Amino acid sequence: MLVLTRKPNQSIMIGDDIEISVLAIMGEKVRIGIQAPRSVPIFRREVYVEIQEDQKTGEASADVGRALEELKSDTG
């Protein structure tokens, strides 16, 4: 993990297209801004993890549905 120190109004670049800026520091909270192409999805980590879990659950449901359809077609 790369660790950098930045002050308010300073930023870092990720590649040529993504800029992360420190907008403000309020006690233990840091307000950041992200400039990136619209094609780059950006999520808070907890939201990202939830999306990943939902996708896994959806895939499992689809697998069960396919298996049930195969059973129906085998017996029918």
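Search the whole structure and you find one salt bridge, the term meaning a side-chain nitrogen of Lys or Arg within 4 Å of a carboxyl oxygen of Asp or Glu. R44 makes it with E46, and their closest N and O atoms are 2.8 Å apart. R44 counts as exposed because its relative accessible area is 55%; the classes are buried under 20%, exposed over 50% and partly exposed in between, using a 1.4 Å probe and protein chains only.

A word on the ground rules. This is a predicted model, where local features need pLDDT of at least 70, side-chain atom pairs count only at pLDDT 80 or more, and totals for chains, interfaces and linings use all residues. Residues are numbered from 1 along each chain as its sequence is written, and side-chain values use heavy atoms, with hydrogens and water left out.

Now for the sheet. Three strands make an open, antiparallel sheet in the order β1-β2-β3. Strands here are DSSP E runs of at least two residues, numbered from the N terminus, and two of them pair if DSSP finds at least two bridges between them. At the edges sit β1 (11-14) and β3, each pairing on one side only. From one strand to the next, the twist averages 25 degrees, with axes fitted as lines to C-alpha atoms and angles running from 0 to 180 degrees between N-to-C directions.

β1 and β2 are joined by four antiparallel bridges, one of which partners I12 with I20 in β2. Three residues lie between these strands, and G15 in this hairpin takes a positive phi near 65 degrees. β2 and β3 then pair over seven antiparallel bridges, including S21 with G33, while I20 stands opposite I34 in β3. This second hairpin has two residues between its strands, and G27 in the turn has a positive phi of about 65 degrees.

I18 and I34 are 16 residues apart in sequence, yet 7.1 Å apart in space, C-alpha to C-alpha.

I34 itself counts as partly exposed because its relative accessibility is 39%. Together with I25, V30, I32 and I42, I34 forms a nonpolar surface patch with about 430 Å² of accessible area. Strand β3 (residues 29-35) gives the most to this patch, with three residues.

Note on methods:
Patches are made of residues with over 30% relative accessible area and no salt bridge: like charges are joined within 9 Å, nonpolar side chains (Val, Leu, Ile, Met, Phe, Trp, Tyr) within 5 Å. Accessible areas come from the Shrake-Rupley method with a 1.4 Å probe; for residues, only the protein chains shown count as cover.
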